[in-house]
Amino acid sequence: MRRFAETCEAVAAASGKNEKVRLLSAYLSSLTVDEAASVAVYFCGRAFPRGEEKVLAAGGSLIWQAVTRIAGAAPEDTEALYRKHGDLGAMAGEILQQAPVARGLRVDEAAAAFEKLASVRGPAAKLAVLEQVLRRAEPGVAKYFIKIITGDLRIGLKESLVEEAIARAYARPIEQVRRANMLSGDIGATLCMAAADRLAEAGLRMFRPVSCMLASPVESAGDALAEMPEGGLVEDKYDGIRAQVHKSGGEVKLYSRTLDEIVEFHELSDPLAALPGEFVMDGEVVAWREGRALPFTQLQQRLGRKQPELWLPLEIPVRFVAFDLLYLNGESLLDTPLAERRRRLEELLAGSSSVRPSPAQAWSSADLLKREFKGALARGNEGIVIKASASPYLPGRRGRWWLKWKQPLATLDVVVTAVEYGHGKRHGLLSDYTFAVRDGQDLVDIGKAYSGLTDEEIRRFTEYFLAHTIEDQGFRRRVAPVVVVEVAFNNIQRSKRHASGYALRFPRIVRLRPDKSPQEADTIERVRALYESQAV
Ligand code: AMP
């Protein structure tokens with residue numbers, strides 16, 4: 001693992017993307033395929049492949065205890081170092097310099113340690129495993145081992161660059177590597193396929209969720225027609241939670257757009273299990289009563305509760321509205337045109353009264369789209385999704401095949417980049433958030449709002465942001481750009497106050513978007529388009 005840590009340092013120091021890819025691919029090529037497959041996962045800031053369900057469940061305080069015990073450090077020293085780095089891994093890297101010299105940790109030993117950490121139960125057992133492995137690691141290695149546990153290497157590496165490094169190391173086309181990774185959800189398995197020249201065999205597998213296909217925003221029926229002059233299908237845009245259903249035998253699992261398992265909606269399992277055959281369906285879980293969707297705020301009350309009170313499913317019933325079929329009885333439908341996928345979906349659901357396909361209609365004129373849009377709002381939905389009938393299902397892509405036209409009162413999904421302490425009742429709580437939109441690879445600030453979140457949420461987020469501070473500026477903390485929130489506002493103005501060159505007027509946080517990653521936040525292009533259309 002020493003060379004892994006050295007490569008991380010070198011990648012962190014390299015400024016250009018090409019240089020990072022070069023360093024990474026040179027290192028991968030020097031390893032056995034098994035070792036390279038393990039470290040490819042680590043370079044993505046994960047101990048296990050994306051699709052795996054194992055969790056380490058080793059939090060900050062456990063790491064803290066293990067590190068201070070090994071270093072024999074006084075609490076004041078550890079705290080001062082943590083404030084300096086704002087990162088547990090970097091803190092450990094420095095403090096463990098004082099510990100007795102370790103004899104080194106091999107890649108396979110690190111992999112075994114992660115497995116063990118995930119499999120033992122209870123903090124005492126986890127602490128023992130952690131201490132054992134960290135005693136074995138040199139300080140530089142401990143630093144990155146911990147960064148993997150906390151889920152972020154912070155060396156300016158994204159999964160897409162790891163894909164490029166694999167393509168380069170094994171001289172394979174990058175498109176093939178990306179597709180295999182998207183479908184397998186496992187960068188390590190992708191590396192093995194690349195090494196064995198078997199990338200073309202990658203396919204959809206049951207209980208391995210693939211990224212969702214996404215829609216690009218449009219602001220009017222005219223825009224949609226300009227993008228899709230040939231017309232297509234139109235459906236309501238439901239304001240719920242995206243869910244990918246995998247069903248095989250009697251087993252049913254739902255996955256979120258972040259590819260995590262959704263466990264809150266037990267009542268959906270039986271009707272889905274009763275459907276014939278083996279399939280992967282895409283759709284939306286929505287709160288539903290008397291034939292129409294309820295607002296998202298209703299559904300939100302059911303989130304995060306694995307064992308809900310008995311009455312909750314009765315009070316806030318949910319249903320799965322299916323809008324796509326990706327796989328059916330051994331056959332991948334990803335390359336099948338949407339119109340045919342829909343036909344097969346409707347056939348599959350023909351016998352079910354509780355799992356229904358989203359009503360879809362053919363359209364060819366802006367007038368029809370306008371009518372559908374109004375109808376969708378009247379039905380309590382957010383707007384419409386406009387889809388090209390010929391489109392394949394492109395996992396993880398936001399292209400021109402799917403367009404979304406939402407209610408004109410725009411909201412933006414933004415990333416929190418800095419937080420400040422509040423006043424009065426919110427004294428001592430980090431309750432004022434500065435947030436940003438995406439600009440290419442960067443994030444540019446666009447506004448600041450008092451949090452519209454509940455007191456309990458703010459308390460939880462205060463803890464979270466304290467643990468994810470990049471820079472402590474006293475009253476203000478720059479934080480790791482991870483949390484996505486949805487903000488509403490009255491309009492957009494040009495402004496020099498923020499790096500984006502725009503400011504939102506009367507911004508307010510509408511809700512958290514735990515289902516979105518920062519890479520899915522809105523972009524400066526969208527802000528510009530909204531500003532220009534003043535459709536806000
Ligand atoms: P947004 O969350 O605003 O980026 O909009 C995209 C989301 O709309 C998707 O991820 C889906 O969860 C959701 N959605 C709701 N209804 C549909 C539909 N009929 N087709 C596709 N996506 C839909």
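Guide: Contact means heavy atoms within 4.5 Å. This is a predicted model, where local features need pLDDT of at least 70 and side-chain atom pairs count only at pLDDT 80 or more, while totals for chains, interfaces and linings use all residues. Residues are numbered from 1 along each chain as its sequence is written, and side-chain values use heavy atoms, leaving out hydrogens and water.

Visitor: Which residue takes a positive phi just after helix 11?
Guide: The phi value there is about 65 degrees. The residue is glycine 185.

Visitor: Is threonine 78 buried or exposed?
Guide: Threonine 78 sits in helix 5 (residues 75–85). Its relative accessible area is 0%, so threonine 78 is buried.

Visitor: Which backbone oxygen does the side chain of threonine 78 reach?
Guide: A polar contact pairs N or O atoms within 3.5 Å, one able to donate a hydrogen and the other to accept it; residues adjacent in sequence count only if both atoms are side-chain atoms. Beyond its neighbours within four places in sequence, threonine 78 is in contact with residues including Trp64 and Met91. At 3.0 Å, its side chain reaches the backbone oxygen of alanine 74.

Visitor: What is the volume of the largest cavity?
Guide: A cavity is a set of points on a 1 Å grid over the protein atoms alone where a 1.4 Å probe fits but cannot get out; lining residues have an atom within 4 Å of a point. The search of the whole structure finds 1 cavity of 30 Å³ or more. Volume is the space filled by probe spheres set on the points. It comes to about 480 Å³.

Visitor: Which strand gives the most to the lining of the largest cavity?
Guide: Of the 32 lining residues, those closest to the centre are Lys237, Arg242, Arg257, Glu284 and Lys404. Strand 1 (214–218) and strand 14 (411–421) are among those supplying at least two lining residues each. With 4 residues, the top contributor is strand 13.

Visitor: Which domains does the largest cavity lie between?
Guide: Domain bounds come from an automatic or database domain assignment. Two domains both give residues to the lining, so the largest cavity lies between domain 2 (214–406) and domain 3 (411–533).

Technical notes
1 Å grid on protein atoms, 1.4 Å probe; cavity = no way out; pocket = protein on both sides within 12 Å on 5 of 7 lines; lining within 4 Å. Buried < 20%, exposed > 50% of the residue type's maximum accessible area, 1.4 Å probe, protein only.
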